[in-house]
Amino acid sequence: MGERMSVTHDEVRRIARLAELEVSEDALPLLAEQMSRILEYVAQINSVPASEAVKPFVPGPDAVRFRADEVKPAPLAFGPAELAPAFRDGFFLVPKLGQFEQEEG
Amino acid sequence: MASAKAAADRIVKLKRLNACLTPIKELRKSLAVQASTAHPSGVLYGMPVAVKDNICTLEYTTSCGSKILEGYRSPYEATAVAKLKAAGALIAGKTNCDEFGMGSSTEHSAYGRSFHPFDKTRVPGGSSGGSAALVASGAVPAALGSETGGSVRQPASLCGVVGIKPTYGRVSRYGIVAYASSLDQAGPFATTVADTALLLEAMWGHDPCDSTSIPSEPEPVLARLEEGVAGLRVGVVEELTDVEGIQPAVRAAVDSARNLFEKAGAEVDTVSVPSVEYGLSAYYIIAPAEASSNLARYDGVRYGLRAPAAEVATMNALTREAGFGAEVKRRIMLGTYALSAGYYDAYYGQAQRVRTLIIRDFSRAYERFDVLLAPTSPTTAFELGAKTSDPLAMYLSDVCTIPTNLTGATAISVPAGLDAAGLPIGVQVLAPALGEAVLLRAARSLEAGFAFTARPTLGEAA
(Lines give C-alpha, C1' and ligand atoms only; values in the text may rest on other atoms or scores of the structure.)
Protein backbone atom coordinates (compact mmCIF):
# COMPACT_ATOMS: atom_id res chain seq x y z
CA MET A 1 0.00 0.00 0.00
CA GLY A 2 3.12 2.19 0.11
CA GLU A 3 2.73 3.86 -3.28
CA ARG A 4 -0.74 5.24 -2.64
CA MET A 5 0.08 6.41 0.84
CA SER A 6 0.49 10.11 0.14
CA VAL A 7 -2.72 11.89 0.89
CA THR A 8 -3.84 14.16 -1.93
CA HIS A 9 -5.55 17.52 -1.48
CA ASP A 10 -8.74 16.03 -2.87
CA GLU A 11 -8.61 13.28 -0.28
CA VAL A 12 -8.16 15.82 2.51
CA ARG A 13 -11.25 17.69 1.20
CA ARG A 14 -13.24 14.44 1.07
CA ILE A 15 -12.17 13.37 4.58
CA ALA A 16 -12.92 16.86 5.93
CA ARG A 17 -16.45 16.61 4.53
CA LEU A 18 -16.91 13.20 6.19
CA ALA A 19 -15.53 14.58 9.45
CA GLU A 20 -17.73 17.69 9.23
CA LEU A 21 -14.72 19.97 9.35
CA GLU A 22 -14.28 23.09 7.28
CA VAL A 23 -10.67 22.98 6.07
CA SER A 24 -9.61 26.16 4.31
CA GLU A 25 -7.67 26.03 1.04
CA ASP A 26 -4.73 27.69 2.82
CA ALA A 27 -4.57 24.93 5.41
CA LEU A 28 -4.76 22.11 2.86
CA PRO A 29 -1.08 21.67 1.84
CA LEU A 30 0.28 21.44 5.41
CA LEU A 31 -2.52 19.14 6.57
CA ALA A 32 -2.04 16.86 3.55
CA GLU A 33 1.69 16.71 4.22
CA GLN A 34 1.30 16.01 7.95
CA MET A 35 -1.36 13.37 7.37
CA SER A 36 0.82 11.70 4.74
CA ARG A 37 3.81 11.57 7.08
CA ILE A 38 1.81 10.19 9.98
CA LEU A 39 0.01 7.64 7.80
CA GLU A 40 3.30 6.54 6.22
CA TYR A 41 4.69 6.02 9.73
CA VAL A 42 1.73 4.08 11.11
CA ALA A 43 1.58 1.94 7.95
CA GLN A 44 4.54 0.03 9.39
CA ILE A 45 1.95 -2.10 11.17
CA ASN A 46 1.43 -3.78 7.82
CA SER A 47 4.86 -5.36 8.15
CA VAL A 48 3.74 -7.10 11.35
CA PRO A 49 3.20 -10.78 10.72
CA ALA A 50 -0.36 -10.46 11.94
CA SER A 51 -1.91 -13.07 9.72
CA GLU A 52 -5.58 -13.70 9.19
CA ALA A 53 -5.27 -16.15 12.06
CA VAL A 54 -4.81 -13.29 14.52
CA LYS A 55 -8.17 -11.99 15.56
CA PRO A 56 -8.58 -8.23 15.71
CA PHE A 57 -9.04 -6.95 19.25
CA VAL A 58 -12.71 -6.45 19.97
CA PRO A 59 -14.16 -5.65 23.35
CA GLY A 60 -16.07 -8.91 23.70
CA PRO A 61 -18.76 -10.08 26.10
CA ASP A 62 -16.24 -10.00 28.94
CA ALA A 63 -15.49 -6.37 28.34
CA VAL A 64 -18.99 -5.14 27.64
CA ARG A 65 -21.43 -6.49 30.13
CA PHE A 66 -25.13 -6.39 29.48
CA ARG A 67 -27.08 -4.46 32.00
CA ALA A 68 -30.69 -4.79 32.97
CA ASP A 69 -32.82 -3.00 30.39
CA GLU A 70 -34.30 -0.49 32.76
CA VAL A 71 -34.98 3.19 32.33
CA LYS A 72 -33.19 4.99 35.12
CA PRO A 73 -33.39 8.75 35.00
CA ALA A 74 -29.94 10.28 35.31
CA PRO A 75 -30.10 12.94 37.99
CA LEU A 76 -28.96 16.20 36.40
CA ALA A 77 -28.24 19.37 38.33
CA PHE A 78 -29.97 21.33 35.57
CA GLY A 79 -31.55 20.62 32.21
CA PRO A 80 -30.60 21.03 28.55
CA ALA A 81 -32.16 24.49 28.36
CA GLU A 82 -29.16 25.78 30.27
CA LEU A 83 -26.62 23.97 28.09
CA ALA A 84 -27.92 24.28 24.56
CA PRO A 85 -26.93 27.11 22.23
CA ALA A 86 -30.65 27.42 21.35
CA PHE A 87 -33.53 25.68 23.13
CA ARG A 88 -37.29 26.30 23.29
CA ASP A 89 -40.34 24.40 24.59
CA GLY A 90 -38.36 21.22 25.16
CA PHE A 91 -36.66 21.26 21.74
CA PHE A 92 -33.13 21.98 20.56
CA LEU A 93 -33.35 24.63 17.86
CA VAL A 94 -31.22 24.33 14.72
CA PRO A 95 -31.08 26.23 11.48
CA LYS A 96 -32.95 24.72 8.51
CA LEU A 97 -31.81 21.33 7.25
CA GLY A 98 -30.35 22.80 4.03
CA GLN A 99 -30.65 20.56 1.04
CA PHE A 100 -33.26 18.33 2.62
CA GLU A 101 -35.69 21.17 3.20
CA GLN A 102 -34.99 22.72 -0.21
CA GLU A 103 -35.92 19.40 -1.86
CA GLU A 104 -39.15 19.30 0.09
CA GLY A 105 -39.89 22.90 -0.64
CA MET B 1 -10.30 25.02 56.76
CA ALA B 2 -6.62 25.87 56.60
CA SER B 3 -5.73 23.33 53.90
CA ALA B 4 -8.25 24.87 51.48
CA LYS B 5 -7.01 28.42 51.95
CA ALA B 6 -3.37 27.35 51.76
CA ALA B 7 -3.95 25.47 48.51
CA ALA B 8 -5.63 28.50 46.95
CA ASP B 9 -2.75 30.73 48.12
CA ARG B 10 -0.19 28.42 46.58
CA ILE B 11 -2.11 28.19 43.30
CA VAL B 12 -2.09 32.02 43.14
CA LYS B 13 1.65 32.05 43.76
CA LEU B 14 2.17 29.57 40.95
CA LYS B 15 -0.01 31.39 38.43
CA ARG B 16 2.94 31.61 36.05
CA LEU B 17 2.72 27.83 35.48
CA ASN B 18 -0.71 28.35 33.85
CA ALA B 19 -1.60 25.00 35.38
CA CYS B 20 -4.94 25.92 36.97
CA LEU B 21 -7.76 27.12 34.70
CA THR B 22 -10.23 28.06 37.44
CA PRO B 23 -10.36 31.82 38.19
CA ILE B 24 -8.93 32.34 41.67
CA LYS B 25 -11.99 34.07 43.14
CA GLU B 26 -14.19 31.19 42.05
CA LEU B 27 -11.66 28.71 43.42
CA ARG B 28 -11.51 30.38 46.85
CA LYS B 29 -15.29 30.61 47.05
CA SER B 30 -15.85 26.98 46.10
CA LEU B 31 -13.12 25.70 48.41
CA ALA B 32 -14.70 27.57 51.32
CA VAL B 33 -18.11 26.02 50.58
CA GLN B 34 -16.62 22.56 50.13
CA ALA B 35 -14.58 22.84 53.34
CA SER B 36 -17.72 23.58 55.31
CA THR B 37 -19.57 20.56 53.92
CA ALA B 38 -16.77 17.95 53.55
CA HIS B 39 -17.13 14.62 55.31
CA PRO B 40 -14.96 14.75 58.47
CA SER B 41 -14.87 10.95 58.68
CA GLY B 42 -13.40 10.52 55.19
CA VAL B 43 -9.84 9.27 54.67
CA LEU B 44 -9.12 12.29 52.46
CA TYR B 45 -10.78 14.81 54.78
CA GLY B 46 -9.59 18.29 53.86
CA MET B 47 -7.18 17.17 51.13
CA PRO B 48 -7.26 19.60 48.19
CA VAL B 49 -7.28 17.62 44.92
CA ALA B 50 -7.00 19.44 41.59
CA VAL B 51 -8.87 17.83 38.69
CA LYS B 52 -8.02 17.72 35.00
CA ASP B 53 -10.34 19.83 32.92
CA ASN B 54 -11.76 16.87 30.94
CA ILE B 55 -13.29 15.37 34.09
CA CYS B 56 -16.78 16.64 34.88
CA THR B 57 -17.29 18.55 38.12
CA LEU B 58 -20.30 20.40 39.45
CA GLU B 59 -18.11 23.02 41.15
CA TYR B 60 -16.34 24.34 38.07
CA THR B 61 -16.57 24.49 34.29
CA THR B 62 -15.33 21.54 32.22
CA SER B 63 -13.80 22.83 29.01
CA CYS B 64 -11.39 19.95 28.17
CA GLY B 65 -8.85 22.64 27.25
CA SER B 66 -11.04 23.34 24.22
CA LYS B 67 -12.74 26.41 22.87
CA ILE B 68 -15.68 24.29 21.78
CA LEU B 69 -16.58 23.74 25.47
CA GLU B 70 -15.57 27.15 26.76
CA GLY B 71 -17.62 27.94 29.87
CA TYR B 72 -19.38 24.55 29.76
CA ARG B 73 -20.90 23.51 33.07
CA SER B 74 -21.66 19.82 33.36
CA PRO B 75 -25.06 18.94 34.86
CA TYR B 76 -23.47 15.93 36.58
CA GLU B 77 -20.09 15.00 38.04
CA ALA B 78 -17.71 12.16 37.30
CA THR B 79 -18.04 9.15 39.61
CA ALA B 80 -14.31 9.40 40.40
CA VAL B 81 -14.83 13.00 41.58
CA ALA B 82 -17.96 12.09 43.58
CA LYS B 83 -16.01 9.32 45.32
CA LEU B 84 -13.12 11.63 46.19
CA LYS B 85 -15.59 14.13 47.64
CA ALA B 86 -17.33 11.38 49.58
CA ALA B 87 -13.93 10.57 51.11
CA GLY B 88 -13.63 14.18 52.25
CA ALA B 89 -11.43 15.61 49.48
CA LEU B 90 -11.87 19.22 48.33
CA ILE B 91 -11.88 19.74 44.57
CA ALA B 92 -9.21 22.41 44.12
CA GLY B 93 -9.91 23.72 40.63
CA LYS B 94 -9.56 22.42 37.11
CA THR B 95 -6.17 21.87 35.55
CA ASN B 96 -4.91 22.76 32.11
CA CYS B 97 -4.47 19.96 29.59
CA ASP B 98 -3.97 19.29 25.93
CA GLU B 99 -7.32 19.73 24.21
CA PHE B 100 -9.48 16.63 24.89
CA GLY B 101 -6.31 14.90 26.12
CA MET B 102 -4.69 14.98 22.68
CA GLY B 103 -1.06 15.87 23.21
CA SER B 104 2.05 15.12 25.23
CA SER B 105 3.12 18.59 26.35
CA THR B 106 0.06 20.65 27.43
CA GLU B 107 0.88 23.02 24.58
CA HIS B 108 -2.30 22.11 22.70
CA SER B 109 -4.72 23.88 25.05
CA ALA B 110 -7.05 26.65 23.92
CA TYR B 111 -6.20 28.40 27.22
CA GLY B 112 -2.45 28.68 26.66
CA ARG B 113 0.34 26.28 27.40
CA SER B 114 1.44 25.20 30.87
CA PHE B 115 5.04 25.43 32.03
CA HIS B 116 7.38 22.99 33.71
CA PRO B 117 7.66 23.72 37.46
CA PHE B 118 11.47 23.28 37.46
CA ASP B 119 12.25 25.17 34.24
CA LYS B 120 9.94 27.71 32.61
CA THR B 121 11.48 27.09 29.17
CA ARG B 122 10.22 23.52 29.17
CA VAL B 123 6.95 21.60 28.97
CA PRO B 124 5.41 19.75 31.93
CA GLY B 125 4.42 16.87 29.64
CA GLY B 126 0.86 16.01 28.85
CA SER B 127 -1.87 15.75 28.35
CA SER B 128 -2.47 16.04 32.13
CA GLY B 129 0.40 18.56 32.42
CA GLY B 130 -1.46 21.04 34.64
CA SER B 131 -2.22 18.35 37.24
CA ALA B 132 1.41 17.11 37.28
CA ALA B 133 2.83 20.65 37.52
CA LEU B 134 0.56 21.59 40.45
CA VAL B 135 1.50 18.48 42.42
CA ALA B 136 5.23 18.78 41.63
CA SER B 137 5.30 22.40 42.74
CA GLY B 138 3.52 21.60 45.99
CA ALA B 139 0.40 23.65 45.21
CA VAL B 140 -1.79 20.62 45.93
CA PRO B 141 -0.87 17.29 47.51
CA ALA B 142 -2.66 15.33 44.80
CA ALA B 143 -4.48 15.71 41.50
CA LEU B 144 -6.56 13.73 39.04
CA GLY B 145 -5.54 13.15 35.47
CA SER B 146 -6.66 10.88 32.69
CA GLU B 147 -4.81 8.66 30.28
CA THR B 148 -5.45 7.48 26.77
CA GLY B 149 -1.82 6.89 25.77
CA GLY B 150 0.20 7.82 28.86
CA SER B 151 -1.19 11.23 29.80
CA VAL B 152 -0.76 10.61 33.53
CA ARG B 153 2.52 8.67 33.59
CA GLN B 154 4.42 10.84 31.07
CA PRO B 155 3.79 14.21 32.80
CA ALA B 156 4.38 12.52 36.17
CA SER B 157 7.76 11.40 34.87
CA LEU B 158 8.63 14.80 33.42
CA CYS B 159 7.61 16.68 36.59
CA GLY B 160 9.08 14.30 39.17
CA VAL B 161 5.90 12.96 40.78
CA VAL B 162 4.11 9.61 40.99
CA GLY B 163 1.33 8.89 38.50
CA ILE B 164 -0.62 5.68 37.95
CA LYS B 165 -2.70 4.30 35.12
CA PRO B 166 -5.10 1.82 36.73
CA THR B 167 -6.43 -1.27 34.97
CA TYR B 168 -9.04 -0.42 32.34
CA GLY B 169 -12.43 -0.64 34.04
CA ARG B 170 -11.14 -0.11 37.58
CA VAL B 171 -11.90 3.61 37.75
CA SER B 172 -15.27 4.59 36.35
CA ARG B 173 -15.19 6.52 33.08
CA TYR B 174 -18.59 8.06 33.88
CA GLY B 175 -18.14 11.82 33.61
CA ILE B 176 -14.72 11.62 32.02
CA VAL B 177 -15.08 13.25 28.64
CA ALA B 178 -14.54 10.57 26.01
CA TYR B 179 -11.52 10.72 23.71
CA ALA B 180 -10.86 7.04 22.85
CA SER B 181 -13.22 4.95 24.93
CA SER B 182 -11.39 1.61 24.67
CA LEU B 183 -8.25 3.27 26.08
CA ASP B 184 -9.39 6.10 28.40
CA GLN B 185 -8.80 5.68 32.14
CA ALA B 186 -8.44 8.20 34.95
CA GLY B 187 -5.58 8.05 37.44
CA PRO B 188 -4.20 10.06 40.36
CA PHE B 189 -0.96 12.03 40.79
CA ALA B 190 0.76 12.45 44.16
CA THR B 191 4.25 12.97 45.50
CA THR B 192 4.42 9.53 47.11
CA VAL B 193 3.35 6.02 46.19
CA ALA B 194 1.38 5.79 49.44
CA ASP B 195 -0.67 8.91 48.64
CA THR B 196 -1.25 7.58 45.11
CA ALA B 197 -2.55 4.31 46.60
CA LEU B 198 -4.73 6.22 49.06
CA LEU B 199 -6.38 8.20 46.25
CA LEU B 200 -6.78 5.13 44.09
CA GLU B 201 -8.55 3.26 46.86
CA ALA B 202 -10.87 6.22 47.35
CA MET B 203 -11.82 6.58 43.68
CA TRP B 204 -11.95 3.09 42.17
CA GLY B 205 -14.53 0.32 42.27
CA HIS B 206 -17.58 -0.80 40.34
CA ASP B 207 -19.89 1.83 38.88
CA PRO B 208 -23.16 0.80 37.20
CA CYS B 209 -23.03 4.06 35.21
CA ASP B 210 -20.02 2.77 33.20
CA SER B 211 -20.74 -0.37 31.17
CA THR B 212 -17.01 -1.19 31.05
CA SER B 213 -16.56 -0.90 34.81
CA ILE B 214 -15.23 -4.13 36.36
CA PRO B 215 -17.98 -5.61 38.59
CA SER B 216 -15.68 -7.12 41.23
CA GLU B 217 -14.46 -4.94 44.05
CA PRO B 218 -10.70 -4.24 44.00
CA GLU B 219 -8.41 -5.65 46.64
CA PRO B 220 -6.92 -3.18 49.12
CA VAL B 221 -3.49 -1.96 48.01
CA LEU B 222 -2.41 0.50 50.68
CA ALA B 223 -2.15 -2.12 53.41
CA ARG B 224 0.29 -4.17 51.32
CA LEU B 225 2.61 -1.39 50.21
CA GLU B 226 5.47 -2.25 52.53
CA GLU B 227 5.58 -5.97 51.82
CA GLY B 228 8.76 -5.55 49.81
CA VAL B 229 9.93 -7.25 46.62
CA ALA B 230 11.93 -10.20 47.95
CA GLY B 231 11.49 -13.05 45.49
CA LEU B 232 9.50 -10.89 43.08
CA ARG B 233 10.34 -11.59 39.43
CA VAL B 234 11.05 -8.37 37.53
CA GLY B 235 11.48 -8.27 33.74
CA VAL B 236 13.23 -5.34 32.07
CA VAL B 237 11.49 -4.76 28.73
CA GLU B 238 14.27 -4.70 26.12
CA GLU B 239 12.31 -2.99 23.36
CA LEU B 240 11.27 -0.08 25.60
CA THR B 241 14.64 0.33 27.31
CA ASP B 242 16.55 0.36 24.02
CA VAL B 243 13.97 2.52 22.29
CA GLU B 244 15.27 4.86 19.58
CA GLY B 245 16.25 8.29 20.86
CA ILE B 246 16.40 7.32 24.53
CA GLN B 247 18.35 9.81 26.62
CA PRO B 248 21.41 8.14 28.25
CA ALA B 249 20.39 9.45 31.70
CA VAL B 250 16.97 7.79 31.32
CA ARG B 251 18.62 4.52 30.27
CA ALA B 252 20.91 4.80 33.31
CA ALA B 253 17.91 5.35 35.61
CA VAL B 254 16.39 2.08 34.41
CA ASP B 255 19.71 0.36 35.22
CA SER B 256 19.63 1.94 38.68
CA ALA B 257 16.07 0.72 39.19
CA ARG B 258 17.18 -2.75 38.17
CA ASN B 259 19.99 -2.64 40.76
CA LEU B 260 17.63 -1.37 43.45
CA PHE B 261 15.23 -4.23 42.76
CA GLU B 262 18.09 -6.74 42.95
CA LYS B 263 19.36 -5.23 46.19
CA ALA B 264 15.85 -5.49 47.65
CA GLY B 265 15.79 -9.20 46.85
CA ALA B 266 13.95 -9.32 43.54
CA GLU B 267 15.03 -11.59 40.70
CA VAL B 268 15.66 -9.40 37.68
CA ASP B 269 16.16 -10.43 34.06
CA THR B 270 15.53 -8.91 30.65
CA VAL B 271 12.45 -9.80 28.63
CA SER B 272 11.46 -9.25 25.04
CA VAL B 273 7.96 -8.06 24.16
CA PRO B 274 8.52 -7.90 20.38
CA SER B 275 5.22 -6.40 19.23
CA VAL B 276 5.48 -3.29 21.45
CA GLU B 277 7.55 -1.80 18.64
CA TYR B 278 4.29 -1.48 16.73
CA GLY B 279 2.33 -0.10 19.67
CA LEU B 280 2.75 3.54 18.72
CA SER B 281 1.51 2.93 15.18
CA ALA B 282 -1.46 0.88 16.32
CA TYR B 283 -2.32 3.54 18.90
CA TYR B 284 -2.19 6.42 16.41
CA ILE B 285 -4.75 4.57 14.31
CA ILE B 286 -7.06 3.29 17.06
CA ALA B 287 -7.13 6.46 19.21
CA PRO B 288 -7.87 8.89 16.34
CA ALA B 289 -10.46 6.46 14.95
CA GLU B 290 -12.31 6.39 18.27
CA ALA B 291 -11.83 10.15 18.65
CA SER B 292 -13.37 10.84 15.24
CA SER B 293 -16.47 9.04 16.45
CA ASN B 294 -16.54 10.38 20.03
CA LEU B 295 -15.99 14.00 19.01
CA ALA B 296 -18.81 13.89 16.46
CA ARG B 297 -21.06 14.99 19.34
CA TYR B 298 -19.62 18.53 19.21
CA ASP B 299 -21.91 19.80 16.51
CA GLY B 300 -23.22 23.05 17.92
CA VAL B 301 -26.66 21.58 18.67
CA ARG B 302 -26.90 20.29 22.24
CA TYR B 303 -24.15 22.11 24.13
CA GLY B 304 -20.96 24.03 23.63
CA LEU B 305 -20.07 26.48 20.93
CA ARG B 306 -22.28 27.23 17.92
CA ALA B 307 -21.09 29.19 14.90
CA PRO B 308 -24.05 30.87 13.21
CA ALA B 309 -25.00 29.69 9.72
CA ALA B 310 -28.14 29.60 7.59
CA GLU B 311 -28.36 25.82 7.39
CA VAL B 312 -27.42 22.99 9.70
CA ALA B 313 -24.55 21.24 7.85
CA THR B 314 -22.69 24.52 7.44
CA MET B 315 -23.37 25.35 11.09
CA ASN B 316 -21.90 21.96 12.14
CA ALA B 317 -18.75 22.38 10.06
CA LEU B 318 -18.18 26.05 10.98
CA THR B 319 -18.72 25.27 14.68
CA ARG B 320 -16.17 22.46 14.60
CA GLU B 321 -13.73 24.53 12.57
CA ALA B 322 -13.96 27.41 15.05
CA GLY B 323 -14.07 25.28 18.20
CA PHE B 324 -11.39 22.62 17.68
CA GLY B 325 -7.65 23.28 17.72
CA ALA B 326 -5.19 22.04 15.10
CA GLU B 327 -4.17 18.80 16.86
CA VAL B 328 -7.76 17.74 17.53
CA LYS B 329 -8.69 18.41 13.90
CA ARG B 330 -5.64 16.46 12.74
CA ARG B 331 -6.63 13.44 14.83
CA ILE B 332 -10.27 13.61 13.74
CA MET B 333 -9.06 13.71 10.13
CA LEU B 334 -6.67 10.77 10.66
CA GLY B 335 -9.36 8.75 12.38
CA THR B 336 -11.93 9.48 9.70
CA TYR B 337 -9.37 8.48 7.06
CA ALA B 338 -8.51 5.23 8.88
CA LEU B 339 -12.18 4.31 9.14
CA SER B 340 -13.14 5.32 5.60
CA ALA B 341 -14.09 2.84 2.88
CA GLY B 342 -11.09 1.22 1.25
CA TYR B 343 -8.73 1.88 4.15
CA TYR B 344 -10.62 0.38 7.07
CA ASP B 345 -9.04 -3.06 7.08
CA ALA B 346 -5.49 -1.95 6.21
CA TYR B 347 -5.46 0.56 9.05
CA TYR B 348 -8.08 -0.02 11.74
CA GLY B 349 -8.46 -3.77 11.22
CA GLN B 350 -4.71 -4.33 11.19
CA ALA B 351 -4.20 -2.05 14.22
CA GLN B 352 -6.70 -4.12 16.20
CA ARG B 353 -4.84 -7.30 15.16
CA VAL B 354 -1.59 -5.74 16.38
CA ARG B 355 -3.36 -4.87 19.62
CA THR B 356 -4.19 -8.56 20.05
CA LEU B 357 -0.53 -9.45 19.42
CA ILE B 358 0.68 -6.94 22.01
CA ILE B 359 -1.75 -8.37 24.58
CA ARG B 360 -0.48 -11.87 23.74
CA ASP B 361 3.20 -10.86 24.03
CA PHE B 362 2.63 -9.25 27.43
CA SER B 363 0.73 -12.33 28.64
CA ARG B 364 3.76 -14.42 27.70
CA ALA B 365 6.07 -12.04 29.55
CA TYR B 366 3.89 -12.29 32.66
CA GLU B 367 4.23 -16.07 32.62
CA ARG B 368 7.85 -15.50 33.65
CA PHE B 369 7.62 -12.20 35.53
CA ASP B 370 5.40 -10.60 38.18
CA VAL B 371 6.10 -7.03 37.09
CA LEU B 372 8.00 -5.36 34.26
CA LEU B 373 10.35 -2.39 34.27
CA ALA B 374 10.81 0.27 31.56
CA PRO B 375 11.43 3.98 31.13
CA THR B 376 8.29 6.12 31.34
CA SER B 377 9.39 8.61 28.70
CA PRO B 378 12.44 8.32 26.41
CA THR B 379 13.55 11.82 27.48
CA THR B 380 13.17 14.29 30.31
CA ALA B 381 11.10 17.47 29.80
CA PHE B 382 11.71 18.97 26.36
CA GLU B 383 11.75 22.63 25.44
CA LEU B 384 8.56 24.55 24.74
CA GLY B 385 7.77 24.50 21.04
CA ALA B 386 10.33 21.79 20.30
CA LYS B 387 7.74 19.39 18.91
CA THR B 388 4.67 21.49 18.14
CA SER B 389 5.43 21.80 14.44
CA ASP B 390 6.17 18.09 14.07
CA PRO B 391 3.17 16.02 15.25
CA LEU B 392 4.99 12.73 14.68
CA ALA B 393 7.91 13.76 16.94
CA MET B 394 5.37 14.64 19.64
CA TYR B 395 3.68 11.24 19.25
CA LEU B 396 7.02 9.47 19.73
CA SER B 397 7.29 10.75 23.31
CA ASP B 398 4.44 8.33 24.22
CA VAL B 399 6.23 5.26 22.91
CA CYS B 400 6.92 3.69 26.32
CA THR B 401 3.51 4.37 27.89
CA ILE B 402 1.15 3.46 25.02
CA PRO B 403 1.48 -0.35 25.26
CA THR B 404 -0.23 -0.38 28.68
CA ASN B 405 -3.22 1.55 27.35
CA LEU B 406 -3.51 -0.85 24.41
CA THR B 407 -3.49 -3.89 26.72
CA GLY B 408 -5.79 -2.35 29.34
CA ALA B 409 -3.30 -3.29 32.08
CA THR B 410 -1.82 -1.10 34.81
CA ALA B 411 1.46 0.82 35.15
CA ILE B 412 2.97 3.52 37.32
CA SER B 413 5.71 6.13 36.95
CA VAL B 414 8.07 6.72 39.88
CA PRO B 415 10.64 9.54 40.11
CA ALA B 416 14.16 8.15 39.72
CA GLY B 417 16.48 11.14 39.91
CA LEU B 418 17.51 14.17 37.89
CA ASP B 419 19.43 14.47 34.63
CA ALA B 420 22.44 16.77 34.13
CA ALA B 421 20.09 19.70 33.44
CA GLY B 422 18.35 19.14 36.79
CA LEU B 423 15.19 17.72 35.22
CA PRO B 424 13.31 14.78 36.74
CA ILE B 425 13.55 11.29 35.26
CA GLY B 426 10.82 8.69 35.73
CA VAL B 427 10.90 4.93 35.56
CA GLN B 428 7.88 2.81 34.93
CA VAL B 429 6.68 -0.38 36.59
CA LEU B 430 4.10 -2.40 34.67
CA ALA B 431 1.84 -5.18 35.95
CA PRO B 432 -0.87 -7.34 34.43
CA ALA B 433 -4.52 -6.26 34.53
CA LEU B 434 -5.82 -6.08 38.12
CA GLY B 435 -2.23 -6.25 39.38
CA GLU B 436 -2.29 -2.93 41.24
CA ALA B 437 -1.32 -4.50 44.59
CA VAL B 438 1.94 -5.96 43.30
CA LEU B 439 2.50 -2.90 41.08
CA LEU B 440 2.28 -0.45 43.97
CA ARG B 441 4.37 -2.67 46.23
CA ALA B 442 7.16 -2.74 43.61
CA ALA B 443 6.80 1.01 43.04
CA ARG B 444 7.06 1.64 46.79
CA SER B 445 10.28 -0.39 46.90
CA LEU B 446 11.78 1.69 44.08
CA GLU B 447 10.61 4.91 45.71
CA ALA B 448 12.40 3.96 48.94
CA GLY B 449 15.54 3.10 46.95
CA PHE B 450 15.64 6.25 44.84
CA ALA B 451 14.65 8.53 47.74
CA PHE B 452 13.76 11.28 45.27
CA THR B 453 13.18 14.60 47.02
CA ALA B 454 13.82 17.28 44.37
CA ARG B 455 11.09 19.94 44.31
CA PRO B 456 11.04 23.42 42.88
CA THR B 457 11.10 25.97 45.69
CA LEU B 458 7.67 27.54 45.98
CA GLY B 459 7.59 31.05 44.63
CA GLU B 460 11.22 30.97 43.60
CA ALA B 461 11.26 28.11 41.12
CA ALA B 462 11.90 28.82 37.46
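Predicted model: local features only at pLDDT ≥ 70, side-chain atom pairs only at ≥ 80, totals over all residues.
Arg353(B) has a relative accessibility of 8% and counts as buried, because the limit for a buried residue is under 20%. Asp345(B), with a relative accessible area of 44%, is partly exposed.

A second salt bridge within chain B connects the side chains of Asp53(B) and Lys94(B), at 3.8 Å from N to O. This pair links distant parts of the chain, the two residues being 41 residues apart. Asp53(B) is located in the loop between strand S1 (48-52) and helix H3 (79-86) of chain B, while Lys94(B) belongs to strand S2 (residues 90-95) of that chain. Both Asp53(B) and Lys94(B) are buried.

Over all chains, the whole structure contains 28 salt bridges. Side chains of opposite charge can pair when their charged atoms come close. In chain A, such a pair is formed by the side chains of Asp10(A) and Arg13(A), whose salt bridge has an N to O distance of 2.6 Å. Asp10(A) and Arg13(A) lie three residues apart in helix H1 of chain A, so about one helical turn separates them. Asp10(A) counts as exposed because its relative accessibility is 55%, over the limit of 50%. Arg13(A), at 29% relative accessibility, counts as partly exposed. The pair is part of a network of salt bridges that links Asp10(A), Arg13(A) and Glu25(A).

The secondary structure of chain A consists of three helices and two strands. Along the sequence these elements follow the pattern α-α-β-β-α. Chain A has 105 residues, of which 27% count as buried. Its accessible surface amounts to about 7,600 Å², and carbon and sulfur atoms account for 55% of this area.

The contact between the two chains involves 53 residues from chain A and 66 residues from chain B. About 5,300 Å² is buried between chain A and chain B, with 67% of that area given by carbon and sulfur atoms. On the side of chain A, the residues that lose the most area to chain B are Leu21(A), Ile45(A) and Phe57(A), which together make up 13% of what that side buries.

The number of salt bridges between the two chains is one. Its partners are Arg37(A) and Asp390(B), with their closest N and O atoms 3.0 Å apart.

Two helices of chain A, helix H1 (9-18) and helix H2 (28-42), each contribute at least two residues to the side of chain A that touches chain B. H2(A) gives the most to that side, supplying eight residues. By class, the side of chain A touching chain B is made up of 37 nonpolar, six polar and ten charged residues.

Definitions and conventions: Residues numbered from 1 in each chain as written. Chains lettered and ligands numbered in written order. Heavy atoms only, no water. Contact = heavy atoms within 4.5 Å. Buried area = accessible area lost by both parts, 1.4 Å probe. Salt bridge = Lys/Arg side-chain N within 4 Å of Asp/Glu carboxyl O. Helix = DSSP H or I, 4+ residues; strand = E, 2+ residues; numbered from the N terminus. Nonpolar A, V, L, I, M, F, W, Y, C, P; charged D, E, K, R; others polar. Buried < 20%, exposed > 50% of the residue type's maximum accessible area, 1.4 Å probe, protein only. Areas by Shrake-Rupley, 256 points an atom, 1.4 Å probe, with all protein chains shown as cover.
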